[in-house]
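Hi everyone, thanks for having me. Please bring up the sequence and the model on your screens, and we will walk through a few places together.

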Amino acid sequence: MKRTTLSLFAGAAALTAVTGFAAVSAPDDTGADTAGPAAVLPVERTSLLCPAPSNSDLAETSYTSFTPVTKGADEKGTAALEAATAESEDEKEDNTGEEKEGKEGKEDKGEKPGGKADKPVVQPEEPGTPAAGKASGADTPALIGTAEGSHAPGWTVQQTTEVAAGTGRGLLGLNCTAPDTEFWFPGASTAAGRTDYVHLTNPDDSAAVVDIELYGKDGALKSTVGEGITVPPNSSESLLLSTLSDEEQTDVTVHVGVRSGRLGAAVQALDDKTGGDWLTAAADPAGELVLPGIPKDATAVRLVLFTPGGSDADLKVRLASPSGTITPAGHETVHVKAGMTTGVDLGEVTRGEAGSLVLTPTSGSVPVVAAVRVVRGEGGEQESAFIPASDPVGARATAADNRAKSTTLSITAPEQAAKVKVTASAGTEGGTTASKTFTIKGGTTQNVEAPVPAGLEGAYALTVETVSGGPAYASRTLTGEDDDVASFTVQTLPDDRGMVPVPKAEEDLSVLQQ
């Protein structure tokens with residue numbers, strides 16, 4: 001191993017933050033001063049984790065993989081998604097002792113001797129080309145994905161599940177997430193009629209240990225089983241929230257903290273009356289939050305907030321509409337007590353127009369996490385989805401699995417105007433790319449007329465890039481194919497972290513190699 005300086009180690013360490021790694025080139029040997037502003041390089045490796053999609057036999061799940069073309073990325077690369085199915089020690093011994101004939105029999109059926117399918121549910125294509133695959137039923141496993149080289153920067157995988165009937169019916173979608181060590185989920189519930197699971201997926205070869213804490217309207221919920229939960233290597237676990245605490249609470253904030261290792265985490269929220277969807281992790285606690293892209297036809301919106309610190313938070317509530325920022329009548333401010341979950345019914349806050357919630361402190365800034373639960377439809381035709389507070393689009397963000405007549409792209413610029421470029425990829429089965437540029441006025445939200453690939457066949461990806469101004473925030477709403485049912489799912493579009501700043505080395509030292 002070649003030696004290097006602390007400054008180079010620090011730069012490399014920044015690159016390993018959850019999404020991947022970037023290349024670090026050695027300084028030249030001309031004697032020139034290489035110290036200066038950080039270079040921005042593409043990540044070289046990305047991990048994504050998809051939870052098991054459903055426990056319903058009626059579930060039909062589609063996966064769409066897409067990597068945008070990134071300037072400066074390696075010319076070659078790979079990406080793969082494999083089932084998160086760790087073998088027990090007994091299974092390993094059985095597989096080790098299998099006769100050759102038995103192994104060959106499994107291989108002839110497309111399985112490895114350990115029981116995993118050889119054929120992946122989706123095989124990622126080259127950058128710029130989306131790929132899709134499907135799975136059916138309740139036995140579809142969680143997936144662990146890794147992309148390297150040209151496939152790594154901005155790699156996105158969308159998991160979309162349609163459930164025709166039963167608890168949690170409707171359209172359930174999420175962007176498969178990068179592994180991390182801490183997650184906040186405001187908007188979960190242990191109330192009667194709700195069945196919420198927290199899904200934990202471990203991508204590594206060693207076990208992960210995690211603590212799960214639940215917070216209701218009066219503070220932490222009593223639980224003796226949420227501490228020290230072990231998730232075996234290369235596997236996924238789901239835990240029913242009502243088994244972690246017997247207290248029924250309408251609004252619960254779930255905190256997942258990893259003691260050792262790293263995980264992907266998501267909450268599957270299933271409602272007897274309003275269907276189900278995935279509640280993904282909210283943006284890190286902050287004093288100012290944006291929840292982008294509430295559907296204009298929302299019939300009910302409930303804002304759920306939590307402050308993890310020791311101080312109460314007082315926030316202004318504003319709605320960024322197409323014409324400007326307004327204050328919802330009767331909900332000008334919200335008070336969030338320290339360590340307690342607060343829920344506020346905002347009703348039909350969008351009133352037929354595109355809208356995003358913007359939360360800012362009334363005085364001193366106190367870190368808060370937040371999400372909204374959105375309901376569309378009336379009576380027995382109601383369906384629900386969640387929108388967590390999001391990070392900005394930043395340099396670039398992508399939503400995969402779009403359909404020509406079922407996709408709505410919502411973009412908001414809560415502060416100053418933002419110019420963004422939106423690019424539609426080719427379809428998974430054919431078509432050519434298309435791009436449009438939009439200017440979003442400051443303090444507004446626009447449901448833009450996003451481009452659609454010419455000659456589209458199959459699903460496609462939408463990539464949003466910030467050209468100037470901002471910050472801009474975005475979300476994509478995907479609706480079901482049945483016009484008589486209000487099924488839908490919403491995914492936010494935070495920066496894909498495909499590019500990472502790397503501080504230049506202060507001395508002429510070679511790069512770290514193994």
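Let me begin with a question: is T492 buried or exposed? T492 counts as buried, because its relative accessibility is 13%. In this talk, buried means under 20% relative accessible area, exposed means over 50%, and partly exposed is in between, with a 1.4 Å probe and protein chains only.

A quick word on where the values come from. This is a predicted model, where local features need pLDDT of at least 70, side-chain atom pairs count only at pLDDT 80 or more, and totals for chains, interfaces and linings use all residues. Residues are numbered from 1 along each chain as its sequence is written, and side-chain values use heavy atoms, with hydrogens and water left out.

Back to T492, which sits in strand β36, residues 488-492. Strands here are DSSP runs of E with at least two residues, and they are numbered from the N terminus. Not counting residues up to four places away in sequence, T492 touches N175, P292, I387, P388, S390, A474 and S475; contact means heavy atoms within 4.5 Å.

Let's follow one of those partners. S475 belongs to strand β35, residues 473-479, and is buried, with a relative accessible area of 1%. Beyond four places in sequence, the contacts of S475 include P292, G293, T408 and T492. The S475 side chain also reaches the backbone oxygen of P292 at 3.1 Å. That is a polar contact: a pair of N or O atoms within 3.5 Å where, within protein, one must be able to donate a hydrogen and the other to accept it, and residues adjacent in sequence count only if both atoms are side-chain atoms.

Now to I387, another residue that T492 touches. I387 is in β26, opposite V372. Strand β25, residues 369-376, runs antiparallel to β26, and six bridges join them. Two strands pair if DSSP finds at least two bridges between them.

A nonpolar core is a set of buried Ala, Val, Leu, Ile, Met, Phe, Trp, Tyr and Cys residues joined through side-chain atoms within 4.5 Å. The largest one has 29 residues, and V372 is among those with the most contacts inside it, as are L291 and L303. Apart from it lies another core of 26 residues, among them L214, L239, L263 and F386. In soluble globular proteins, nonpolar side chains tend to be buried together.

Last stop: the rings. How many aromatic pairs does the count come to? The count comes to three, where rings of Phe, Tyr and Trp (its six-membered ring) pair if their centres lie within 6.5 Å; planes under 30 degrees apart are stacked, over 60 edge-to-face, and the rest tilted. F183 and F185 are stacked, because their ring centres are 6.3 Å apart and their planes are at 15°. Y215 and F306 make a tilted pair, 4.7 Å centre to centre with 35° between the planes. Y215 lies in strand β11 and F306 in strand β19, so this pair ties together parts that are 91 residues apart in sequence. Ring pairs also link W184, Y215 and F306 into a cluster.

Technical notes:
Helix = DSSP H or I, 4+ residues; strand = E, 2+ residues; numbered from the N terminus.
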